[in-house]
Amino acid sequence: MGAVSATTTPEPEGQSPDLPTAAPVRWARYIAMGDSFSEGLWDPYPDAPDIQRGWADNLAAILSARRIAAGETPLEYANLAIRGRKLRPIIAEQLDVTIGAQPDLVSLVGGGNDILRASADIDAISSALEDAVVALRATGADVLMGTGFKAGAALSWTNGRVGAFNANVWSIARRTGAHVLDLWGMRALGDLRLWSDDRIHLTPEGHERVANAALDALGLAPDDAAYDAPLDAAPPAAFRETARANAAWMRQHVGPWVRRRLTGTSSGDGRTAKWPTPQQWPRA
């Protein structure tokens, strides 16, 4: 974020000082492309638990609320993300649909499912990402990419690949003028309590924090300026409790993931996008 001025400007009469002093929201139509991260896994809507919400839906709601507060029409929003998709299938399935919908803001976040595979070619998927960003930028749309997460414990072996991919993401952003959601740099996400039971998807609070980070990446004031503040310290866990949790994780999540890899199946097989066409947001 930019430097903060030492001088203060009085709040306009009638404006609450608690509201974020955000720049006007210029985007009218936003489309999210991606995989389970943008679909919002492990963040079900309270009134519709079969539908996942996630950071992209939260971001759309915030952008729309700010447009409405400024006297503009609500934001139009679509979410094409489908769980389990690798980066090149995301682009193959979602890019033309996105361009055809004529958005002025697109988030394209993916690559995590590639990086989890030993055969991942980081430069190849980065090249595909850049081609897609170039195509989107050619339409005049602003583009928000995302870095990979910094993993810990059993997934720390991915960090070398993620680091190489992230370096490419920042280079693509420099060449194309895209925005970057810096997930690697979010210190709060190093806390396992912001991760779901499967340890590769965020909790609802984690998704809320990422939505605020996305606002920051787009040059807007976050709703919560402390979105990256660490959680309060947790009491130390007993060794037996940690071992039991690790065993449950292996049995309930790692095992099924390995079986899908061996059988060539995906958690997203047969699924379609949850919000396939742009509509005023939030939905009625």
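Analyst: Helices are DSSP runs of H or I with at least four residues, and strands are DSSP runs of E with at least two, both numbered from the N terminus. This is a predicted model, in which local features need pLDDT of at least 70 and side-chain atom pairs count only at pLDDT 80 or more, while totals for chains, interfaces and linings use all residues. Residues are numbered from 1 along each chain as its sequence is written, and side-chain values use heavy atoms, with hydrogens and water left out.

User: How many helices and strands does the chain come to?

Analyst: The count covers the secondary structure of the chain. It comes to 8 helices and 8 strands.

User: Which residue is the bridge partner of Ile31 in strand 5?

Analyst: Strand 1 (residues 29-34) and strand 5 (residues 105-109) run parallel and are joined by 5 bridges. In strand 5, Ile31 has as its bridge partner Val106.

User: Are helix 3 and helix 5 roughly parallel or roughly antiparallel to each other?

Analyst: Two packed helices are described by the angle between their axes and the distance between the axes. Helix 3 and helix 5 pack at about 5°, with their axes 10 Å apart. Angles under 35 degrees count as roughly parallel, over 145 as roughly antiparallel, 65 to 115 as roughly perpendicular and the rest as oblique. Helix 3 and helix 5 are therefore roughly parallel.

User: How many nonpolar, polar and charged residues are in the contact of helix 3 with helix 5?

Analyst: Among the residues making the contact are Ile91 and Leu95 of helix 3 and Ala128 and Leu129 of helix 5. Ala, Val, Leu, Ile, Met, Phe, Trp, Tyr, Cys and Pro count as nonpolar, Asp, Glu, Lys and Arg as charged, and the others, Gly among them, as polar. The contact has 11 nonpolar, 1 polar and 1 charged residues.

User: Is the crossing of helix 5 and helix 6 left-handed or right-handed?

Analyst: The axes of helix 5 and helix 6 (residues 159-176) come within 10 Å and cross at roughly 25°, and the two helices are therefore roughly parallel. A crossing is left-handed if the near helix is turned anticlockwise from the far one by less than a right angle, and right-handed if clockwise. The crossing of helix 5 and helix 6 is right-handed.

User: How many residues lie in the hairpin between strand 2 and strand 3?

Analyst: Strand 2 (residues 44-45) and strand 3 (residues 48-52) pair in the antiparallel sense over 2 bridges. Tyr45 stands opposite Ala48 in strand 3. The hairpin joins strand 2 to strand 3 through 2 residues.

User: Is Leu215 buried or exposed?

Analyst: Leu215 is in helix 7 (residues 204-217), and among the residues it touches are Leu59, Ile62 and Pro222. Buried means under 20% relative accessible area, exposed over 50%, and partly exposed in between (1.4 Å probe, protein chains only). At 0% relative accessibility, Leu215 counts as buried.

User: What is the relative accessible area of Trp42?

Analyst: Trp42 lies in the loop between helix 1 (36-39) and strand 2. Its phi is near 75°, a positive value in a residue other than glycine. Trp42 is partly exposed, and its relative accessible area is 34%.

User: What is the relative accessible area of Gln102?

Analyst: Gln102 lies in the loop between helix 3 and strand 5, and its phi is near 55°. Gln102 is exposed, with a relative accessible area of 65%.

Technical notes
Pairing = 2+ DSSP bridges. Axes fitted to C-alpha atoms, helices over the stretch in contact; angles between N-to-C directions. Contact = heavy atoms within 4.5 Å. Lists of a residue's contacts leave out its neighbours within four places in sequence.
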